Amino acid sequence: MRQPFSPRAARRTLRRVRTTAAVAASSLALLALAACGGSTGEESETADGDAPLVYGVFATPLEEPWDGAIHAALAEAADEGEIRYQHVDNLSTADAMERALRDIAENEQPDAIVGDAFAAEDAVRAVAADYPDIVFAFGSGGKPQEPNFSVFDNWLQDPAYLAGMLAGGLTESDTIGVVGAMPIPEVNRIVNAFIAGATETNPDATVKVSFINTFFDPAAAKQAAQAHLSAGADVLFAERDGVIAAAEEADVPAIGMMVDQEEEAPGHVATSLIWHMRPTVDAVVAQVSDGAEAVDLGEYSFMKVGGSELAELNTDIVGGIPDDLVAAVEDKEAQIMDGSFVTPVDETTPAGSVDAGGK
C-alpha cells in the first residue's frame, strides 16, 4: 500500500526530474518511438509484473515544467510500486504524436497512456477512439470523449491568486511583468487570478502581460521578460521557462511555475505555483481496475484536494518579504482551504496583453 500523498515528497521527486536526463530505450519498440522524433526513457524496475503498465507521452522535453510535473507524478507512482512506467517526450508535431501513440498502443499494449494533447488534440483523440480498451488521460482544453478519453488540466488559479498577492506586495515600482505561453483558457485563468491577487494587496499595481505563442522557448521568454524590466517591472511571474534567468540578471524577485523553482535562483525566486499531478495519476490508475471511462479529472488539481499549492515563501530573496505580507498570503490560503474564499475563474484574454512571440 502506498503512503498518503505528500507534497514534500512530491517536491523532492519534481526536483529530481528536473536534474535527471532521459536515458536510452530498452526495447526495439522504444527505438521505433525515437524514430518518431521523441526521446524515450527506461521502464521503472520497482513495480512487479502485475502492476499496470502506464506510458507517459509528452509533446515537449521534460525540462518544460508542465510535462515535467506529470512525469514526476508518474515516476513517483512507479517508485512506490503502483505502476510500471515508460515514457517518450519531445513529440513536437501532431504527426509524431500520433505515430508514437499508435506504436505504443499496438506493440506495447499498455493499460493506460497519460500525456498532453494541446498541440495534437485531433490526433490524440483519433488514436484513443481506435483503442477503446486502453485508458487515455490527457491534458486538454476540450471535453472527455466516450468511451475512454479522460481530460485534465492545470487548475492553478488558487496558488496563482496567492502568488499575485505576493507580487503586489513586493513591487516598489507598482509594475509587475508576466510572460505566458499563449492566450488560451488554461493560461488565461492562471494569469487573471494572478492579476486579481496582485490588485488585492496593491490596488495601484499595473500587471503587464506578454505571450510568446509557444509552450517552450526559454530564449523568447527571457527576451519578453527583459522587455517588461525595461518598462519598469521589478517583479516577474515566470509562467514560462526562461523568465527566472532574466530576473536573476536584473536582481529582482520572480515567481516560478509548475514546480518549485527556488533552486534555479535561490536569491530571487520568491515562491512557485506547484502542480501536484499525483491525485490525478491515482484516479487514472483506479480506472485501470474499474474500467476505462471518459471523465473530467480537473477537480484533482485543485488546492483543496492536494492537487496544487504555493511553494513555501522564500524570505531570503533580494529585498526580503515583509512579515505582514507573509501573514496576508497565509490567511488567504487558509480561506481557500476552508472554502470561505473561492478564487474567481476568468478564462478571457487578459486586458492589455501583448503578443511577444512573433510566431
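This is a predicted model: local features need pLDDT of at least 70, side-chain atom pairs count only at pLDDT 80 or more; totals for chains, interfaces and linings use all residues.
## Overall make-up

The protein has 11 helices and 13 strands. It contains 359 residues, and 56% of them count as buried. Among contacts with a separation of 6 or more, 71% are between residues 24 or more positions apart.

## Helices α6 and α11

Two packed helices are described by the angle between their axes and the distance between the axes. Helix α6 covers residues 157-170 and helix α11 covers residues 323-338. Their axes come within 10 Å and cross at roughly 165°. An angle over 145 degrees counts as roughly antiparallel, so α6 is roughly antiparallel to α11. The crossing of α6 past α11 is right-handed.

On the α6 side, the contact is made by D158, Y161, L162, M165, L166, G169 and L170. On the α11 side, it is made by L325, A328, V329, K332, E333 and I336. These residues divide into 9 nonpolar, 1 polar and 3 charged. An α-helix has 3.6 residues a turn, so residues three or four places apart point the same way.

## Helix α4

Helix α4 runs through residues 94-108, which makes 15 residues. At 1.5 Å a residue, α4 should span 21 Å, and the 20 Å between its end C-alpha atoms agrees with this. The buried residues in α4 include A96, M97, A100, L101, D103, I104 and A105. After α4 comes Q109, which has a positive phi, near 45°.

Most residues other than glycine have a negative phi, and most peptide bonds are trans.

The peptide bond joining E146 and P147 is cis, with omega about 5°.

D174 is not a glycine, yet its phi is positive, at about 65°. D174 counts as partly exposed because its relative accessibility is 28%. N213, also not a glycine, has a positive phi of about 60°. With a relative accessible area of 23%, N213 is partly exposed.

N188 is found in helix α7, which covers residues 185-201. Buried means under 20% relative accessible area, so N188, at 1% relative accessibility, counts as buried. Leaving aside residues up to four places away in sequence, N188 touches M182, P183, F211, D346, E347, T348, T349 and P350.

## A partly exposed proline

P266 is placed in the loop between β10 (254-258) and β11 (269-275). At 45% relative accessibility, P266 counts as partly exposed. Not counting residues up to four places away in sequence, P266 touches N314 and I317. The C-alpha atoms of P266 and E248 are separated by 9.2 Å, and the two residues are 18 residues apart along the chain.

Conventions: Residues are numbered from 1 along each chain as its sequence is written. Side-chain values use heavy atoms; hydrogens and water are left out. Axes are lines fitted to C-alpha atoms, for helices over the stretch in contact, and angles run from 0 to 180 degrees between N-to-C directions. Helices (H or I, at least four residues) and strands (E, at least two) are DSSP runs, numbered from the N terminus. Angles under 35 degrees count as roughly parallel, over 145 as roughly antiparallel, 65 to 115 as roughly perpendicular and the rest as oblique. A crossing is left-handed if the near helix is turned anticlockwise from the far one by less than a right angle, and right-handed if clockwise. Contact means heavy atoms within 4.5 Å. Ala, Val, Leu, Ile, Met, Phe, Trp, Tyr, Cys and Pro count as nonpolar, Asp, Glu, Lys and Arg as charged, and the others, Gly among them, as polar. The expected span of a helix is 1.5 Å times one less than its number of residues. Buried means under 20% relative accessible area, exposed over 50%, partly exposed in between (1.4 Å probe, protein chains only).
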